[in-house]
Amino acid sequence: MLQKRMFGVLLGSLVLASCNQATLPDSLAQTPVQATDVVRSDLAAFKQLQEQVQRGEVPNPVDSEGKAVDLPLLISQIEQDLANPLAEPVEGAFSALAVYSQATYTRLAADDKFTGNLSSYKRTYPRFNWSNDGCSVPHLPEKFRKMIVFHPACVQHDFGYRNARSYPNLMNENHREWVDGQFKQHMRAICSRRNIFLRPGCYADAQAFWLAVRWGGKDSFY
């Protein structure tokens, strides 16, 4: 299966060290592009692509290893995710550990425009933990890390992990699953900007990165 194949490759190389009351400036209070809307559009495109592949009109798309993407499995994974949307974290009592409100943290961790807003966020909320190591891959020189296609999503995932520690009611597997789910959505949004024939392979890689985080990221969260 696609998940097992990609997970075996990425778990050996992927190490994601993932890890108030300020008012959001008007310049940042924009209506965000909904990642789920993008995914729904891609799902429809993938179904059409599957039909074209079955008719022999186009070759089957491949993943980053050059292996054929299991389109039925990928479509099923996307449909399952859309049928089970991420639940918003439950607001807890204000903690002495928190510099900013939990709602502020949640908004930034889920923002589909996080990368574009990053500089402004750092100026507005300087006391958040902004440290990150991107998509940490052993033996890969630091200067090449930003070339990884999912780097923006990895940076946001680090933010989600590292700042959750300021909110004791969020230090649980339900919230870790939420942060990881945001990670998958943001990777898929990156994939959606690719050519339709490259997009399924990118989605497959995103699924594998997400699996690696779900299986191996627990120690980085707590």
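Biologist: What are we looking at, and what do the values rest on?

Modeller: This is a predicted model, where local features need pLDDT of at least 70 and side-chain atom pairs count only at pLDDT 80 or more, while totals for chains, interfaces and linings use all residues. Residues are numbered from 1 along each chain as its sequence is written, and side-chain values use heavy atoms, with hydrogens and water left out.

Biologist: How many helices and strands does the protein chain have?

Modeller: Nine helices and zero strands. From the N terminus on, the elements run α-α-α-α-α-α-α-α-α. The names come from DSSP runs (helices are H or I, at least four residues; strands are E, at least two), numbered from the N terminus.

Biologist: What makes the length of α6 agree with that of a helix?

Modeller: The expected span is 1.5 Å times one less than the number of residues. For the 14 residues of α6 that gives 20 Å, and its end C-alpha atoms are 20 Å apart, so the two agree.

Biologist: Why is α6 called largely enclosed?

Modeller: Buried means under 20% relative accessible area (exposed is over 50%, partly exposed in between, with a 1.4 Å probe and protein chains only). In α6, 13 of the 14 residues are buried, so the rest of the structure largely encloses this helix. In the protein chain, buried residues make up 48% of the 222 residues.

Biologist: Why is Phe183 called buried?

Modeller: Its relative accessible area is 1%, so Phe183 counts as buried. Phe183 sits in helix α7. Over in helix α8 is Val213, which is buried because its relative accessibility is 2%. Phe183 and Val213 are 30 residues apart in sequence, yet 9.3 Å apart in space, C-alpha to C-alpha.

Biologist: What about Ala208, buried or exposed?

Modeller: Buried, because Ala208 has 1% relative accessibility. Ala208 is in helix α8 too. Val213 and Lys184 are 29 residues apart along the chain, with 9.9 Å between their C-alpha atoms.

Biologist: Which residues of α4 and α5 are buried, and what covers them?

Modeller: In α4 the buried ones are Gln102, Thr104, Tyr105, Thr106, Leu108 and Ala109, and their cover includes α5, α6 and α7. In α5 they are Phe114, Asn117, Leu118, Ser120 and Tyr121, with α4 and α6 among what covers them.

Biologist: What makes a set of residues a nonpolar core?

Modeller: They must be buried Ala, Val, Leu, Ile, Met, Phe, Trp, Tyr and Cys residues joined through side-chain atoms within 4.5 Å. The largest such core here has 48 residues, and those with the most contacts inside it are Tyr105, Phe128, Trp130, Phe150, Phe159 and Met187. α8 gives the most to this core, eight residues.

Biologist: How do you know what Phe128 touches?

Modeller: Contact means heavy atoms within 4.5 Å. Leaving out residues up to four places away in sequence, Phe128 touches Tyr100, Thr104, Tyr105, Leu108, Phe159, Asn163 and Tyr167.

Biologist: Why is one space called a cavity and another a pocket?

Modeller: On a 1 Å grid over the protein atoms alone, a cavity is a set of points where a 1.4 Å probe fits but cannot get out; a pocket is an open set with protein on both sides within 12 Å along at least five of seven lines; lining residues have an atom within 4 Å of a point. The largest cavity is lined by Ala109, Ala153, Gln156, His157, Gly160, Val179, Gln182, Phe183 and His186. Helices α6 and α7 each give two or more residues to that lining.

Biologist: How much space is in there?

Modeller: About 40 Å³ in the largest cavity, where volume is the space filled by probe spheres set on grid points joined across faces, edges and corners. The largest pocket has about 690 Å³ and 29 lining residues, with Asn84, Pro85, Leu86, Glu177 and Gly181 nearest its centre. Helix α7 supplies the largest share of that lining, eight residues.
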